[in-house]
Each structure stands twice: as structure tokens, then as C-alpha cells.
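Welcome! Please take a moment to look over the sequence and the 3D structure shown here before reading on.

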Amino acid sequence: MTVNGSWLLSVVLAVALLFSSLGVAQAQEENESEEEEQWFSVDSLNTGLEEPADEVKRLTPREAIRSFMALAEEQNFAAAAHVLNLSDLDDAEQQQRGPLLAQQLIEVLKRGEWLNVSNLSGRQDAAIEDPSGQHPLTGQPRRDIELATLTIDGEVYDIRLGRYREGDEEPVWLITPDSVSSIPTLYEAYGPSLLEEYIPERLKTSFGWLEVWEWIAIPLFLLAIGLVGWGVYALVGLLAYWFPNGAPSIFAGKIGGPMALLVMAFVAQALLDYVVSFSAVATSFIRVLLIILIAWGVGTIALRLVDTLLLKVTRRIVGEIDDTKPKDERKLLTTLYALRRIIILITVTAVSVYVLSQIQLFETLGLSLLASASVLAVLVGIAGQAVLGNILSSFQLSLAKPIRIGDLVMFEGQWCYVEGIFYTFIRLRSWDERRLIVPVTYFVSKPFENLSVKSAKMYRTLELIVHLSADIQIIREKFLEYAEEEDNVVEHHKLCCYVTGQTERAQTISCYLMASDPFAGWVAEMNIRERLMSFIRENHPEWWPREVVVISHQDIAKGKRQDARPPAT
């Protein structure tokens with residue numbers, strides 16, 4: 001029994017020892033896995049360099065870059081090289097090329113991208129701190145972060161910081177080997193220009209955000225660009241004067257300013273690429289400004305071209321709506337106005353998106369902006385409901401085309417020509433040359449009569465009130481005669497004249513005519529009425545309505561009675 005008990009105890013202890021060793025091994029693997037997520041383990045770091053000085057701080061990303069820039073400012077590139085991971089170079093190359101690479105990198109960071117060191121993490125593990133907790137990676141340690149992103153000929157190059165641990169030493173943050181290998185290429189594109197080689201060293205000291213020489217060079221740079229723009233503006237104005245009168249002259253006269261700004265932007269871009277380069281603060285601002293000027297210039301020139309076409313078409317058809325003017329011309333004019341609004345919308349949207357991307361607004365706001373998008377949409381919808389409603393209604397009018405530019409409409413009892421359909425309002429020209437500015441939403445919410453949908457022809461009714469003794473046949477014949485003599489009266493077979501009412505003293509005669517358009521019909525109606533009244537006044541004055549008062553047995557309308565008896569004596 002003793003032997004069996006000893007054997008069983010040995011087995012139990014062996015099994016317990018086995019599970020214990022497995023648990024320890026698993027715990028070690030988990031610890032190693034966690035360490036791999038926090039840093040890169042390496043056998044050695046920059047063994048070709050001397051021991052780092054006390055000024056080299058590399059425990060956090062912010063500390064590492066701030067230390068690197070401070071050492072570079074002091075021209076201590078040998079110490080600044082300790083912020084680079086030179087593991088891809090052998091020891092001899094590290095000693096020789098390390099300071100040079102550090103010097104090149106600081107020049108790239110100065111000119112390539114505006115780097116705000118304060119935005120870098122101040123934690124050793126570079127964990128993202130988000131009090132709102134909306135960022136999905138909040139609190140998780142990082143061992144690799146992006147410092148800057150630069151583009152050369154369409155190729156993207158990243159400058160990244162990595163966290164490295166050598167043996168049991170404390171982890172440090174260094175520029176990654178991949179980023180170090182791309183420094184010479186970046187330096188060729190973003191390094192100092194040829195002009196800077198002639199600038200004295202005393203002018204290269206920092207003064208605020210810029211160096212001293214930049215405070216002098218930037219105003220001269222802007223002055224030179226301004227002179228170029230003035231020359232282009234004068235040249236375009238001279239071309240507009242030389243061109244014959246017409247669309248080319250009008251178009252050239254309108255694009256002087258946009259063309260000058262466009263040339264100024266291209267010349268400034270060429271100077272920045274090949275002649276002079278400023279610090280990232282100035283370069284970033286200038287390049288964004290140049291993109292805005294280019295986009296605005298191209299969009300404005302396109303708008304001026306559309307405006308010139310609109311003016312040419314408007315002069316030909318607006319105000320002359322009749323059967324001889326095809327509807328396709330008015331439809332074309334309406335489409336051009338819609339194209340104008342689309343160009344404005346595309347230009348504003350493209351410029352806004354580009355500017356926001358350049359200032360990294362979306363990246364700064366991150367998911368906080370996305371989370372508040374619904375609230376922002378509600379606020380914008382409430383604040384801009386009227387404006388947005390007018391814009392959407394104007395697009396609806398342009399697509400559905402219930403009215404076209406040049407159409408004659410009856411709106412709130414007034415004859416009006418449609419002169420323009422804009423983003424938020426419609427411009428109407430009344431028959432007496434007044435201009436009505438009507439909000440689009442108000443216009444579409446009110447019933448209106450489009451007199452030019454199919455044809456501008458319109459029936460007109462002429463009414464005369466005459467005595468019961470008037471001969472309707474004579475008046476009808478005169479009406480037909482006068483109507484056929486009017487140039488604006490069409491479809492003579494539809495002319496008619498009838499008695500449409502009567503009282504105990506008078507009768508109402510209505511004459512109907514078809515006119516080529518409403519205004520011409522009004523003129524024809526007035527002319528025929530005047531001629532009929534003149535005919536009755538000259539030939540049959542007794543046909544005018546009158547009040548009969550008996551003051552004698554003799555009717556003055558019938559003349560003097562021949563059988564009147566002599567007075568009694």
C-alpha cells in the first residue's frame with residue numbers, strides 16, 4: 001500500500017508540475033505579445049554613433065522631434081542623428097552619413113509640411129487620448145505613428161516614428177529605417193533652392209515662424225507676382241479693345257481679372273518649384289491660396305463664357321416672344337442659366353473640399369465631426385431652410401422647365417417676361433418695363449399662366465355698349481373690316497361678333513379676335529375699339545346709350561315733326 005501510495009503521489013505531482021509549466025509559458029507568450037504591440041525589439045541601435053548626449057530626448061514622440069529640431073537649430077547634427085534609426089547602414093556609414101541625413105531631414109521638414117510638434121503625443125506609449133471615447137483606438141498603445149506625408153511626382157512618401165527597445169534598455173522613439181532611406185529623395189525635391197545658396201547665414205536665423213530672409217523675400221515675391229498680374233490684365237484689356245464689337249470683345253473684356261489671377265498663380269507655382277522655396281508655414285499657405293486662385297479663375301472664366309452666350313441669346317429673343325421665335329431658343333437660354341448655376345456650385349464645392357483637405361480639418365476633427373454630423377445637418381437645415389429651398393426649387397424649374405427664359409407669363413395679374421432664373425430668385429420684366437424680383441419658392445407655390453408653353457397666341461374680347469336701336473350687322477361688318485386690316489390679328493376665320501347682353505336701355509356687343517401674342521392683342525383691341533367708336537360717332541350718334549327724359553311729345557332723335565299743329569289762338 002505504501003508503494004502504491006508513493007507512486008500515485010508522484011503522478012499527481014508530475015501532472016501539477018506540467019500544467020504549471022504550461023501556464024508560465026502561456027503567460028510569457030502573452031507578455032511577449034503585449035511587448036511586441038508596444039515597441040519593436042532590436043539587438044542594437046546606432047552602434048556606429050557615439051553615445052547620445054544628455055540633450056537627446058527620445059522617450060515620447062513629442063520629445064523626440066522637439067529635441068531633434070532644437071539640436072538641428074544649434075547645428076549639432078551629430079547629436080540629432082541619434083533620433084534616426086540608422087540600422088540599415090553599417091557602423092562606418094552611420095558615423096559618416098548620420099549627421100548629413102539629419103541635416104537633410106530638418107530641411108525637408110521645414111519646407112515639406114507644416115509640422116506642429118504640439119500635436120504629437122506626449123505619452124511614452126503614444127496612446128490616443130480621447131475624453132469623449134469616440135475614437136475606436138482610444139487608450140491603445142502605438143509603436144508606429146505618422147509624422148508627415150509628402151508627395152513627389154504623384155508618389156507618396158511617409159516620414160514615420162517608431163518605438164524601439166534594445167535589450168533591457170528603455171524604449172525610445174526614432175525615425176524609422178524606411179523613412180531614413182527616403183530622406184535623400186525628399187531632399188532633392190524639398191531641399192533649399194539655388195537662390196538660398198547666396199543668402200548670408202545671418203539672415204537664415206529664425207524670427208517668429210519664418211526666417212529673417214523670408215520676411216524680406218515674401219513681400220518682394222508677392223510684388224513681382226502682382227506686376228505680372230497687372231501686365232496680363234492690361235494685355236487682355238488691349239485685346240478686348242482690338243477685337244471687333246460682339247461676343248469676342250465682350251468676353252475678353254470680362255475675363256481680364258480672372259485671367260490675371262490665373263497667370264499669377266501659375267507663375268508663382270513655377271517660382272516655388274524651381275527658383276525659391278520658403279518654410280512649410282509660408283509654403284502651405286501660399287500653395288492653398290494658389291489652388292483657390294486657380295480654381296476660382298477657371299470657374300470664373302467658364303462663367304464669363306456662359307454669361308456671354310446668355311447675353312447674345314437674350315438680346316436676340318427676350319422681349320420678342322411670338323410665333324416666329326422657336327421654343328428651342330428659349331429652352332437653350334434656360335439650359336444655359338442652369339449650366340451657370342451648376343458651374344458655380346461645382347467651383348465652390350471643389351474649392352471648399354480642397355481647402356478643407358489641405359488644412360486637414362477632417363483629420364483634426366476626426367470622428368467627432370462624424371458623430372455630430374446629424375446635429376450639424378439639423379442646424380444647417382433650420383438656419384438655411386429658405387435659401388436651400390430656393391436653390392432646390394431653381395434646379396427643379398431648370399429640369400422640369402414649366403417656364404423658360406423669355407416666356408411670357410401671367411403672374412398675379414401681371415404680364416411678365418421671364419428674364420432670368422437664378423439660385424434664389426426669378427427676375428420678371430413687366431409690360432411697362434418694371435423688374436419684379438420673386439423668390440423661387442414663392443413663385444412655384446403660386447398658380448401662374450404660361451402664355452408661351454405652346455403658342456403665344458391669345459383671344460381678345462372687345463365689348464361695346466350701344467343703344468337698342470343699333471344695327472348689329474353694320475357693326476359686325478365694320479369689326480371684320482377693321483380686324484382684317486390689323487397686322488397683329490391672325491386666323492381671320494375665327495373673327496366673330498355677337499350681342500352678349502342687354503338691358504332696358506342698351507345692348508352689349510362682344511367682338512372676338514385672335515392675336516399673335518397678348519401684348520399685340522391688347523394693341524389690336526385698342527385700335528379696333530377706337531375705330532368702331534369713331535365710326536359710330538360720325539355716322540350713327542343715335543346708337544350711343546342715353547337716358548330718355550320726356551320733356552315734349554317730340555322725339556329729338558327722330559327730328560322735327562312735320563304734322564305739328566299750330567298753337568291755338
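Below is a short tour of some helices, aromatic rings, charged side chains and loops.

## Before we start

This is a predicted model, in which local features need pLDDT of at least 70 and side-chain atom pairs count only at pLDDT 80 or more, while totals for chains, interfaces and linings use all residues. Residues are numbered from 1 along each chain as its sequence is written, and side-chain values use heavy atoms, with hydrogens and water left out.

Helices (H or I, at least four residues) and strands (E, at least two) are DSSP runs, numbered from the N terminus.

Some residues of α9 are buried (under 20% relative accessible area; exposed means over 50%, and partly exposed is in between, using a 1.4 Å probe and protein chains only). Among them are Leu262, Met264, Ala265 and Leu272.

## Rings that meet

Two rings of Phe, Tyr or Trp (its six-membered ring) pair if their centres lie within 6.5 Å; planes under 30 degrees apart count as stacked, over 60 as edge-to-face and the rest as tilted. By this rule there are 4 aromatic pairs. Phe411 and Tyr442 make an edge-to-face pair, with 6.3 Å between centres and 85 degrees between planes. This pair links distant parts of the chain, since Phe411 sits in strand β7 (residues 408-411) and Tyr442 in helix α16 (residues 440-445), 31 residues apart.

Phe411 counts as buried because its relative accessibility is 2%, whereas Tyr442, at 35%, is partly exposed. Together with Phe443 and Phe448, these two form one aromatic cluster.

## Charges with partners

Side chains of opposite charge can pair when their charged atoms come close. A salt bridge here is a side-chain nitrogen of Lys or Arg within 4 Å of a carboxyl oxygen of Asp or Glu, and the whole structure has 15 salt bridges. In one of them, Lys478 meets Glu481, with the closest N and O atoms 3.6 Å apart. These two are 3 residues apart in helix α17 (residues 472-485), so about one helical turn separates them.

Glu504 and Arg505 also form a salt bridge, at 3.1 Å from N to O. Salt bridges that share partners join Glu419, Arg427, Arg429, Glu433 and Arg435 into one network. Within this group, Arg429 and Glu433 meet at 3.3 Å; Arg429 is buried at 9% relative accessibility, while Glu433 is partly exposed at 49%.

## A charge without a partner

Which buried residue has no salt bridge? It is Arg163, and the nearest side chain of opposite charge, Asp125, is 6.1 Å away. In this count Lys and Arg are positive and Asp and Glu negative, with His and the chain ends not counted.

Arg163 lies in strand β3 (residues 155-166). Its side chain reaches the backbone oxygen of Gln124 at 3.2 Å.

## Two loop residues with positive phi

Gln75 is not a glycine, yet its phi is positive, about 65 degrees. Gln75 is in the loop between α2 (61-73) and α3 (77-80), and is exposed at 56% relative accessible area.

Glu412 also has a positive phi, near 50 degrees. Glu412 is in the loop between β7 and β8 (414-421), and counts as partly exposed at 48%.

How values were computed:
A polar contact is a pair of N or O atoms within 3.5 Å; within protein, one must be able to donate a hydrogen and the other to accept it, and residues adjacent in sequence count only if both atoms are side-chain atoms.
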